[in-house]
Each structure stands twice: as structure tokens, then as C-alpha cells.
Amino acid sequence: VERDAGLALSRTLRANSSLRVLNLAGNHLGPRGAVGVADAITAGWCAVRELNLRGNMVGVEGALAIAAALESTPDAGPQLVDLQHNRVGEHGESVLRAAWATTGRRAGLVLVGADRASDAVDARLVDR
């Protein structure tokens, strides 16, 4: 799915401005898929309020793209983001947390197992 996922997702989301919940958990989107979702959110093509990218191996590149999308859409972007089991690394996690904190979002950013290669880590939930 990853190869053309970014472009395909971006095009699909552009055509659906009424979508509020986007659950793409476990689709092996990879970094390109996350970048496609982030681009659509940043451009204002979709009004997603809940974004679930759990288990897509988005990595650091995908985490940085999602963080940038969050920062660029503080009022209109997702209010709940699930990035569990994506191996975003410590850098990706810290950038995501910082982006979340600076936007004043009130719902949740879920990063369970997001920062380590092993999925067997303790849960972390940031509520703002």
C-alpha cells in the first residue's frame, strides 16, 4: 500500500470534505501514507476530527508530517490522533507532543508504543 498511498490518500481526502472520522489502522501506509494524510489536512481538503493511524509504521517522517499538519490547523484539524505502534522514535514523539501542546487541543494524542521498536511499552496518553 505504501508505494502510492500518499498520493492516493491525498486525492481521496481532497474529494471528501465532510469526512470527520478517519480510521486507517493497520493498513501499512508507511511514511508516504502519513504524509498524504498530513498534506490533505494541512491544505484544508478534509475536516477530519478523529484520526486513527495505529499500526501503520509511519516512522519519524510520518510523525513529523502529522505534527506539521497539527500545527498548521490548530482550530480545524484533528482533535483526537491515535499513532500507536508506529515506531516514530523519540524525536518523532517529542515533535508530536510539542505540536499538540502548542495548538491547545483538548482531546487526546495517543502514543502507545510509538517511540520504541517493541510494542510492549507502557501506555502514554496526553490530554490537553
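Reader: Why is M57 counted as partly exposed?

Author: In this predicted model, M57 has a relative accessibility of 37%. Buried means under 20% relative accessible area and exposed means over 50%, with partly exposed in between (1.4 Å probe, protein chains only), so the 37% of M57 falls in the middle class. Local features here need pLDDT of at least 70 and side-chain atom pairs count only at pLDDT 80 or more, whereas totals for chains, interfaces and linings use all residues of the predicted model. Residues are numbered from 1 along each chain as its sequence is written, and side-chain values use heavy atoms, with hydrogens and water left out.

Reader: Where does M57 lie, and what is noted about its phi?

Author: M57 is placed in the loop between β2 and α3, helices (H or I, at least four residues) and strands (E, at least two) being DSSP runs numbered from the N terminus. Its phi is positive, about 55°, although M57 is not a glycine. Most residues other than glycine have a negative phi. R87, in the loop between β3 and α4, also has a positive phi, of about 50°, and is not a glycine either. With a relative accessible area of 42%, R87 counts as partly exposed.

Reader: How many helices and strands does the protein have, and in which order do the elements run?

Author: There are four helices and five strands, and from the N terminus on they follow the order α-β-α-β-α-β-α-β-β. The protein has 128 residues, of which 48% count as buried.

Reader: What makes the pair of D82 and R54 a salt bridge?

Author: A salt bridge is a side-chain nitrogen of Lys or Arg within 4 Å of a carboxyl oxygen of Asp or Glu; the N to O distance between R54 and D82 is 2.8 Å, so the pair meets the rule. The two residues are 28 apart and link distant parts of the chain, D82 being in strand β3 (residues 80-82) and R54 in the loop between β2 (50-52) and α3 (59-72). D82, at 10% relative accessibility, counts as buried, while R54, at 35%, counts as partly exposed.

Reader: How many salt bridges does this rule give, and which residue pairs with R97?

Author: The count comes to two, and R97 pairs with E93, their closest N and O atoms being 2.8 Å apart. Both residues lie in helix α4 (residues 89-103), four residues apart, which is about one turn of the helix. An α-helix has 3.6 residues a turn, so residues three or four places apart point the same way. E93 is buried, at 8% relative accessible area, and R97 is partly exposed, at 22%.

Reader: Why is α3 called roughly parallel to α4?

Author: The axes of α3 and α4 come within 9 Å and cross at roughly 10°, where axes are lines fitted to C-alpha atoms, for helices over the stretch in contact, and angles run from 0 to 180 degrees between N-to-C directions. Angles under 35 degrees count as roughly parallel, over 145 as roughly antiparallel, 65 to 115 as roughly perpendicular and the rest as oblique; the two helices are therefore roughly parallel. The contact (heavy atoms within 4.5 Å) includes V60, L64 and L70 of α3 and V95, L96 and W100 of α4.

Reader: How do you know that α2 is roughly parallel to α3?

Author: α2 and α3 pack at an angle of about 10°, with their axes 8 Å apart, and this angle makes them roughly parallel. Among the residues that meet are P31, A34 and I41 in α2 and A65, I66 and A69 in α3.

Reader: What span should helix α2 have?

Author: The expected span is 1.5 Å times one less than the number of residues, so the 13 residues of α2 (residues 30-42) should span 18 Å, which agrees with the 18 Å between its end C-alpha atoms. Its buried residues include G30, G33, V37 and A40, and α2 is followed by G44, whose phi is positive, near 80°.

Reader: Why does V81 count as buried?

Author: V81, in strand β3, has a relative accessible area of 0% and is therefore buried. Leaving aside neighbours within four places in sequence, V81 is in contact with L51, I66, L70, W100, G108, L109 and V110. V81 and V110 are 29 residues apart in sequence, and their C-alpha atoms are 6.2 Å apart in space.
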